[in-house]
Amino acid sequence: MAGSFDEECDYLFKAVLIGDSAVGKSNLLSRISRNEFHLDSKPTIGVEFAYRNIKVGDKLIKAQIWDTAGQERFRAITSSYYRGALGALLVYDITRKNTFESVKKWLHELKEFGNPDMVIVLVGNKSDLAESRQVVVEDGHTLAQLEGLCFMETSAKQNINVEEAFLNMINKIHEITSKKSL
Ligand code: GDP
């Protein structure tokens, strides 16, 4: 998909959101694409995606970001979800340790189905809920280092670091893609 051209942009990148249920994926997506947050988002079942245009240098990039929209609950995500994706935001919830423990399982899936060059950003979401924290920042850092991922804690609710995590991923994808097309 990288390098494909459409009328408005120089590159079209596909990226996916992945992680356990209720970690905040759909709210991260609505922040990235529409700058919205929903207290009681009720995801419909099925894959959904949204677009976000950004400028990197003099290039206009259109990011198509896919959300699992509840399918992860039924382990119904298939290889087509990952097909063509150049980036992934792998999300856990800092207030639920089990969602952090699942990160390895999601990484395994990404390695099995995803593009080997995929840029993966590990995202510890809900950083606003400090009083309920079950995963310390250092654990996120350590895992990311071990697996060679970028890492960031975010709050979709308070709009902290969401843009940074997304831009981090897009910039890295752009770096890799432009090297390849030289
Ligand atoms: P998904 O199943 O991974 O797509 O998760 P959702 O985006 O539907 O979020 C699950 C719940 O967590 C919802 O009630 C959201 O309002 C809440 N939520 C999502 N992100 C945050 C956050 O950064 N902080 C807090 N406090 N709640 C959040």
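Biologist: Which strands does H4 lie across?
Modeller: In this predicted model, H4 lies across E1, E4 and E5, and its direction runs at about 170° to that of E4.

Biologist: And H6, what does that one touch?
Modeller: H6 packs on the sheet, where it touches E1, E2, E3, E4, E5 and E6, and its direction makes about 175° with that of E5.

Biologist: What's the strand order in that sheet?
Modeller: The sheet is open and has six strands in the order E2-E3-E1-E4-E5-E6, with mixed pairing. Strand E2 (48-56) and E6 stand at the edges with a single partner strand each, so one side of each has no neighbour in the sheet. From one strand to the next, the twist averages 25°.

Biologist: How do E1 and E3 run, parallel or antiparallel?
Modeller: E1 and E3 run parallel and are joined by six bridges; Val 16, for instance, has Trp 66 in E3 as its bridge partner.

Biologist: Switching to the core, how many residues are in the largest nonpolar one?
Modeller: That core has 43 residues, and those with the most contacts inside it include Leu 17, Leu 89 and Met 169. Among the elements that each supply at least two of its residues are strand E1 (11-19), helix H4 (103-113) and helix H6 (162-180), while the largest share, seven residues, comes from E4.

Biologist: What does Leu 17 touch?
Modeller: Leaving aside residues up to four places away in sequence, Leu 17 touches Lys 25, Leu 28, Leu 29, Ile 65, Trp 66, Asp 67, Thr 68, Leu 89 and Val 91.

Biologist: How much of the chain counts as buried?
Modeller: Of the 182 residues of the chain, 37% count as buried.

Definitions and conventions
Residues are numbered from 1 along each chain as its sequence is written. This is a predicted model: local features need pLDDT of at least 70, side-chain atom pairs count only at pLDDT 80 or more; totals for chains, interfaces and linings use all residues. A residue is buried if 20 or more other C-beta atoms lie within 10 Å of its own, exposed if 12 or fewer, and partly exposed in between; C-beta atoms are placed from the backbone. A nonpolar core is a set of buried Ala, Val, Leu, Ile, Met, Phe, Trp, Tyr and Cys residues joined through C-beta atoms within 7 Å. Helices (H or I, at least four residues) and strands (E, at least two) are DSSP runs, numbered from the N terminus. Two residues are in contact if their C-beta atoms, placed from the backbone, lie within 7 Å. Two strands pair if DSSP finds at least two bridges between them. Axes are lines fitted to C-alpha atoms, for helices over the stretch in contact, and angles run from 0 to 180 degrees between N-to-C directions.
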